[in-house]
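Let's take a friendly tour of a protein model, one piece at a time. Have the sequence and the 3D view ready as you read.

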Amino acid sequence: MKTLVVHASKYGSAERYAEWIGEALHAPVVADDEVSPEQLAAQGTVAFCAPIYGPSLRGSSLLRQAMELFTDTRWVLVTVGLSDPALTTKRDELVATKFPADLRERMEVAHLRGAMDRRRLSLVERTMMSTIRRGLAAKRTRTAEEQAMLEALEPDRIDLTDRAAVAVVVEACLR
């Protein structure tokens with residue numbers, strides 16, 4: 001059975017990771033709007049790169065629908081966001097809100113760092129980032145996670161993507 005790499009990218013980080021994963025696995029890469037749940041469920045392995053935007057995990061409903069078809073597909077969810085996965089469990093909490101326990105048990109999850117260009121964000125997204133940044137900056141004391149997020153939100157542009165980080169995803173796909 002084949003491996004398919006899917007991305008639900010809006011600004012490019014998840015797509016970049018998907019391309020790197022596809023290259024390493026010699027697998028095709030498609031956008032989430034180019035594939036149906038049934039097509040995903042027919043694959044041997046699906047690596048699904050989903051960016052995090054605040055409380056949203058882009059593309060998670062498509063992945064959930066595919067997983068609910070209960071095929072033998074190996075599922076690897078790759079979340080892409082600014083926060084450092086070594087410092088936070090918020091990504092795991094977000095995944096838990098999008099997928100019930102029985103589906104989470106059937107997927108492997110990897111968290112990779114993304115990029116942000118404030119000039120490309122929508123007004124709503126810029127406002128949300130500004131509000132988060134002001135709230136964090138106003139705190140007298142911050143956790144390591146909060147400090148890292150504040151530092152990531154400070155510059156107008158930041159790129160934390162790392163090609164080497166896809167190794168853990170490739171390994172999960174090959175198991």
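## Strands side by side

Strand β3 (residues 45-53) and strand β5 run parallel and are joined by seven bridges. To find this pairing in the 3D view, look for Ala50, which stands opposite Thr79 in β5. Keep in mind as you explore that this is a predicted model.

Strand β5 also pairs with strand β6 (residues 107-113), again in the parallel sense and over seven bridges. Here a handy landmark is Gly81, which stands opposite Arg113 in β6.

Is β5 largely enclosed or open to the outside? Seven of the eight residues of β5 (residues 74-81) are buried, so the strand is largely enclosed by the rest of the structure. Buried here means a relative accessible area under 20%.

## Two helices that cross

Now turn to a pair of helices. Two packed helices are described by the angle between their axes and the distance between the axes. For helix α1 (residues 13-25) and helix α8 (residues 167-174), the axes come within 10 Å and cross at roughly 50 degrees. α1 and α8 are therefore oblique to each other. The crossing of α1 past α8 is right-handed.

Which residues of α1 and α8 meet? From α1 come Ile21, Ala24 and Leu25, and from α8 come Val169, Val170, Cys173 and Leu174. Sorted by class, this contact has seven nonpolar residues, with no polar and no charged ones.

## A residue in a loop

Arg119 sits in the loop between β7 (115-117) and α6 (123-138). Its relative accessible area is 58%, so Arg119 is exposed; the cut-off for exposed is over 50%.

What does Arg119 touch, leaving aside its neighbours within four places in sequence? The answer is Arg126 and Arg157.

## A residue in a helix

Where is Gln147 placed? You will find Gln147 in helix α7 (residues 144-153). With a relative accessible area of 27%, Gln147 is partly exposed.

Conventions:
Residues are numbered from 1 along each chain as its sequence is written. This is a predicted model: local features need pLDDT of at least 70, side-chain atom pairs count only at pLDDT 80 or more; totals for chains, interfaces and linings use all residues. Side-chain values use heavy atoms; hydrogens and water are left out. Axes are lines fitted to C-alpha atoms, for helices over the stretch in contact, and angles run from 0 to 180 degrees between N-to-C directions. Helices (H or I, at least four residues) and strands (E, at least two) are DSSP runs, numbered from the N terminus. Angles under 35 degrees count as roughly parallel, over 145 as roughly antiparallel, 65 to 115 as roughly perpendicular and the rest as oblique. A crossing is left-handed if the near helix is turned anticlockwise from the far one by less than a right angle, and right-handed if clockwise. Contact means heavy atoms within 4.5 Å. Ala, Val, Leu, Ile, Met, Phe, Trp, Tyr, Cys and Pro count as nonpolar, Asp, Glu, Lys and Arg as charged, and the others, Gly among them, as polar. Buried means under 20% relative accessible area, exposed over 50%, partly exposed in between (1.4 Å probe, protein chains only). Two strands pair if DSSP finds at least two bridges between them.
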